[in-house]
Every structure is written in C-alpha cells, then in structure tokens.
Amino acid sequence: MSTESPSLKEILLQSTAQELGTEALETVAEPKIVRSAIHAVEDLPSAPVCITQDSTPQNLANHHAIMIGRGSSIPRWTPGSVIRWSAWRMGYESQEDADFAALHLSIAANVWNEAEVGVRFEFVPLAKDANFVVCHGGHKGDILASAYFPNKKDLNFVYVYTRGLELDWKNSLWSVFVHELGHVLGLRHEFAMDPRRLERHKAVQFGEANPLSVMNYRREPPKLQPSDIAATRAFYQMPAGTMLESTPVVDFVPQ
Ligand SMILES: [Zn+2]
C-alpha cells in the first residue's frame, strides 16, 4: 500500500481538472518535425525579448498563481538527465496555434539534443509526466516567450505570448525557443552582467563571451553557436559543487 502523498504537480492538475474541467488540460499530440517548418529568417522586426518572470497559462487563467524563485547558486540539471515536456492545447486563439507552438518547441528541443550537451529533451503526451509544459502566456507587449531555470519544482512552464505568434515573428518561433531552452538548461542572457543592462540576479560568465551567442538579443533569429555548445557541454561536465566566482553549481533532478 502506498503512503506517498500527492506531488504538487498532481495537486495542481487534479484541482484544475475539478475547477475547470479536464478539457483545460488537454495536450497536443507529439509533433512531427518537417523540414519545411524550419524557416530561415534573415531579418526580424526587432531584437527578440524574453523574460523569466511570473506568467499564467491561459488555459488555467484565474486559477493558480505560479511561483518562481531563485537562490544564490548556479542551478543545473544532474548530467545525463532527461527533461520531459508536454504541450497544452487550450488557451491559444486557435488549435492551429497550439499545434504550431508544439511543433516549434519540438524543433528547438531537437537542435539542443543534436548538440549533445549532456542533458536531453523528450516529448511526453501528458503534463503529469512532464517537467515543463509549453503553453500560451497571454499578451505581454513585445515579449515573445519566457522560460525557467533548473529547479526542484515538478511542473514548470515555457510560455509563448501573443507577440510570438504574430505573423512577423511566427516562423522564427523555433529559434526563439532554442534561446528559451537555453534558459531551461541554466544559461543566462549573454548580457546578464553588462553594467548597462544588469539583470536582477547575479550571473557568472562561463567560457568565452560571444556576442553571437544564442543567449544574446540580436536582430537575427537566435542561433546556437559552436561556442554555446562547447560552453554548455563544459558546464555539464563539471562536478556538482564546483565553485564559480564563489557561487556553487547545484544539481537538480528533473521531476
Ligand atoms: Zn532570454
């Protein structure tokens, strides 16, 4: 007989189903990557903007607040981890948009998987089995998408906002997601410690600076650079507890 108490994820999903009905939690079927979906876009309307702050999945709007916290560590997944993800279908303007976002997330996950940095992404059909769900986060002005950093929570979100699905951005969404999945792997913005645009939480530079980094904001769609791959691999090869600028690397097992 099991005496395990339900996880936070199970509580959230069960109470959502009770309040909003199970259709609020319907997921998208596994996307099939087709080459024609991978558009190469030369010029973007502006440099992409992303945030790592609270949003609410639009299919759960008026339900639960989502908490995000970070401490004074360098969070990472335990090397060799598989980060499982799912995609909600409600909350978008159309079913087509939900499928589109899931397909583009799948393309981005594949880009990182092919880079073999030490952690893999894997699609799962249900949110209860996922570490994160890609979903619509509503309207946030010019912000396209957002993500999270490695942590011990058993359910996290990668959001796409209204702007990210508008025509001038839409075909580049997969490359925006490559950037977002960089955050999921623990990468901060290339400019996080630039005194002109200092971010709220201290960041540590690891490897060589590269303004072309997928983690920078540029007019070109974010593109994974050889230096991003090399630095992320090296990051995941360090022993847990390694101190970088007197900040410890802390490993999390994706829940
Ligand atoms: Zn970002």
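Reply: Two residues are in contact when they have heavy atoms within 4.5 Å. Please keep in mind throughout that this is a predicted model.

Me: With that meaning of contact, which residues does P79 touch, leaving aside its neighbours within four places in sequence?
Reply: P79 is found in the loop between β2 and β3 (82-87), and its relative accessible area of 37% lies between the limits of 20% and 50%, so P79 is partly exposed. The C-alpha atoms of P79 and Q237 are separated by 7.3 Å, although these residues are 158 apart along the chain. Once the neighbours within four places are set aside, the residues in contact with P79 are G118, Y236 and D251.

Me: In what order do the helices and strands follow one another along the chain?
Reply: The chain has 5 helices and 9 strands. Read along the sequence, they follow the pattern α-β-β-β-α-β-β-β-β-α-α-α-β-β.

Me: Among contacts between residues at least 6 apart in sequence, what percentage join residues at least 24 apart?
Reply: The chain has 255 residues, of which buried residues make up 51%. For contacts between residues at least 6 apart in sequence, the share that joins residues at least 24 apart is 77%.

Me: How do the residues of the contact of α2 with α4 divide into nonpolar, polar and charged?
Reply: On the side of α2, the residues that meet α4 include F100, L105, I107 and W112, while on the side of α4 they include W174, F177 and L181. The residues of this contact divide into 13 nonpolar, 2 polar and no charged.

Me: What covers the buried residues of α5?
Reply: Helix α5 has 12 residues, which should span 16 Å at 1.5 Å a residue, and its end C-alpha atoms are 16 Å apart, which agrees. The buried residues of α5 are D228, I229, A231, T232, F235 and Y236. What covers these buried residues includes β2 (74-77), α2 (95-115) and β9 (247-252).

Me: Is E116 buried or exposed, and what is its phi?
Reply: E116 lies in the loop between α2 and β4 (120-123), and because its relative accessible area of 60% is over 50%, E116 is exposed. Most residues other than glycine have a negative phi. E116 has a positive value in a residue other than glycine, with phi near 45°.

Me: What distance separates K140 and R163 in space, C-alpha to C-alpha?
Reply: K140 is found in the loop between β5 (132-136) and β6 (145-146), and K140 is partly exposed, with a relative accessible area of 27%. K140 and R163 are 23 residues apart in sequence, and in space their C-alpha atoms are apart by 7.5 Å.

Note on methods
Residues are numbered from 1 along each chain as its sequence is written. This is a predicted model: local features need pLDDT of at least 70, side-chain atom pairs count only at pLDDT 80 or more; totals for chains, interfaces and linings use all residues. Side-chain values use heavy atoms; hydrogens and water are left out. Helices (H or I, at least four residues) and strands (E, at least two) are DSSP runs, numbered from the N terminus. The expected span of a helix is 1.5 Å times one less than its number of residues. Buried means under 20% relative accessible area, exposed over 50%, partly exposed in between (1.4 Å probe, protein chains only). Ala, Val, Leu, Ile, Met, Phe, Trp, Tyr, Cys and Pro count as nonpolar, Asp, Glu, Lys and Arg as charged, and the others, Gly among them, as polar.
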